[in-house]
Amino acid sequence: MAETFDVIVVGAGPAGTSCAYTLAKAGVNVLLLERGEYPGSKNVMGGVLYRKMLEDIIPGFYKEAPVERHIVEQRFMMLDEQSAVTFSYKGLEWAEEPYNNFTVLRAKFDQWFADKAVEAGALLVNETVVTECLVENGKVVGVRTDRPDGDLFADVVVLADGVNSLLAKSLGFHKEFRPDEVALAVMEVLKLDRKIIEDRFSLEGDQGCTFEIFGDSTKGILGTAWLYTNKDSLNIGVGAMLSGLIKNKIRPHQLLDYVKTHPIIRPYIQGTEQQEYLAHLIPEGGYRSMPKVVGDGVIVVGDAAQLVNAIHREGSNMAMTSGVLAAEAILDAREAEDFSAAQLDAYRRKLLDGFVGQDLKKYKDATHHFEKYPHYFEKYIPLMNRAASQMFTVDGSSKWEKQKKIWNELGSAKEKWKMARDLMQAWRVMK
């Protein structure tokens, strides 16, 4: 006899586990399937976890979860070949509980989170690949796995199988995502003594610091690099739009090698030893690329639903929120004894009405705009850095002379007008 569950969740990342945990706490018979050897073994992100969303699920989680450091400083670096203009905010209010965000290593954190779902009553099965959804009369009724006699049935299937979800694609929820809708990110975990990290980044105890690096780090391709502090290691990585990598014939590991050897970045990672090398696709299409997220007996969450705010580098928080909202919609559907798309559509409505949908809508044109006009990174960041160099270099010239020289470097009246238009367009897609 085929095994039957109330709900099957495919994928034990932040979205899938949030959904499974919430359902299990409510007494639902839920199966959580993970294709990796363990949750987190195949999951990659830059490494920042936002507190608020997980706090709503598990109050006080940071007191027991394997978080690395609580972030007290966020730096934003505009990088040129030989210079950088850096903006930062360091707040000691972030040094006090309940904190703002943390650095994490997914291999540790995802296992802990999935274990919490198991403690709540979910059944976790690892090393299981779901090959297709089972459909009867237009309704998803279960999944087929790569295990012998691997057909499993449920009232609802939640697809949390990551970017470019093959299961959602097989249901016709989306086509193959275009190269300008996904980014390819690569990252290394670099071992470094804890005391050196704290001295090098001006930290105390478990305080942490993050760098978001724009401009020369991606050689003009839309994307960012990052450098995050863990307890005794650093995460350094770079992500760029797949379309840009293809167009410029650059491999992502070449960008990472460039960032690691950049004269501005190199001192921060001096003396490190590589522990891990990771690569991952990231959904960057945003609001306009969101696939269908609800069908009869099925819901799509997390990266599989393109829920990433590329501008603010937020993904895990949106994933967790989508998992909770999916669980709530399923609980309502169980009470109504109705698992149709019309009933489950409450998930989509709440998703779009909340911060997830509102933030995606706010930046719906930003990614495509900045990819279409790479001179924001190729021209304007170096121009800003040269202006800073002019103003801060003491060479006997008056500040009036320096300002005049900077103004002349902006080009002709036509070029200045174009720059003003570009800045206005950037404001419009970001407002």
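A: One term comes before the others: buried means under 20% relative accessible area, exposed means over 50%, and partly exposed lies in between (1.4 Å probe, protein chains only). This is a predicted model, in which local features need pLDDT of at least 70 and side-chain atom pairs count only at pLDDT 80 or more, while totals for chains, interfaces and linings use all residues. Residues are numbered from 1 along each chain as its sequence is written, and side-chain values use heavy atoms, with hydrogens and water left out.

Q: Why is Thr 131 called partly exposed?
A: The relative accessible area of Thr 131 is 47%. Partly exposed covers the values between the two cut-offs, so Thr 131 is partly exposed.

Q: Where is Thr 131 found, and what does Thr 131 touch?
A: Thr 131 is found in strand E8 (residues 130–136); strands (E, at least two residues) and helices (H or I, at least four) are DSSP runs, numbered from the N terminus. Leaving out residues up to four places away in sequence, Thr 131 touches Arg 144, Thr 145, Asp 146 and Leu 167, where contact means heavy atoms within 4.5 Å.

Q: What makes His 174 buried?
A: The relative accessible area of His 174 is 8%, so His 174 counts as buried. His 174 is in the loop between helix H4 (166–170) and strand E11 (182–191). Residues up to four places away in sequence aside, His 174 touches Asn 164, Ser 165, Ala 168, Lys 169 and Pro 291.

Q: Why does Thr 210 count as buried?
A: Thr 210 has a relative accessible area of 5%, so Thr 210 is buried. The place of Thr 210 is in strand E12 (residues 207–215).

Q: What makes Phe 61 and Phe 102 an edge-to-face pair?
A: Rings of Phe, Tyr and Trp (its six-membered ring) pair if their centres lie within 6.5 Å; planes under 30 degrees apart count as stacked, over 60 as edge-to-face and the rest as tilted. By this rule the count comes to 15 aromatic pairs. Phe 61 and Phe 102 have 5.8 Å centre to centre and 75° between the planes, and the pair is edge-to-face. This pair links distant parts of the chain, 41 residues apart: Phe 61 is in the loop between helix H2 (51–57) and strand E4 (67–79), and Phe 102 is in strand E6 (residues 101–104). Both Phe 61 and Phe 102 are buried.

Q: Why are the rings of Tyr 89 and Trp 94 called edge-to-face?
A: The ring centres of Tyr 89 and Trp 94 are 5.2 Å apart and the planes are at 70°, so this pair is edge-to-face. Tyr 89 is partly exposed at 41% relative accessible area, whereas Trp 94 counts as buried at 18%.

Q: What makes a set of residues a nonpolar core?
A: A nonpolar core is a set of buried Ala, Val, Leu, Ile, Met, Phe, Trp, Tyr and Cys residues joined through side-chain atoms within 4.5 Å. The largest nonpolar core has 77 residues, and among the members that touch the most others are Leu 54 and Phe 61. Helix H8 (residues 316–336) gives the most to this core, with 10 residues. A second, separate core of 29 residues includes Met 78, Ala 185, Ala 366 and Val 429.
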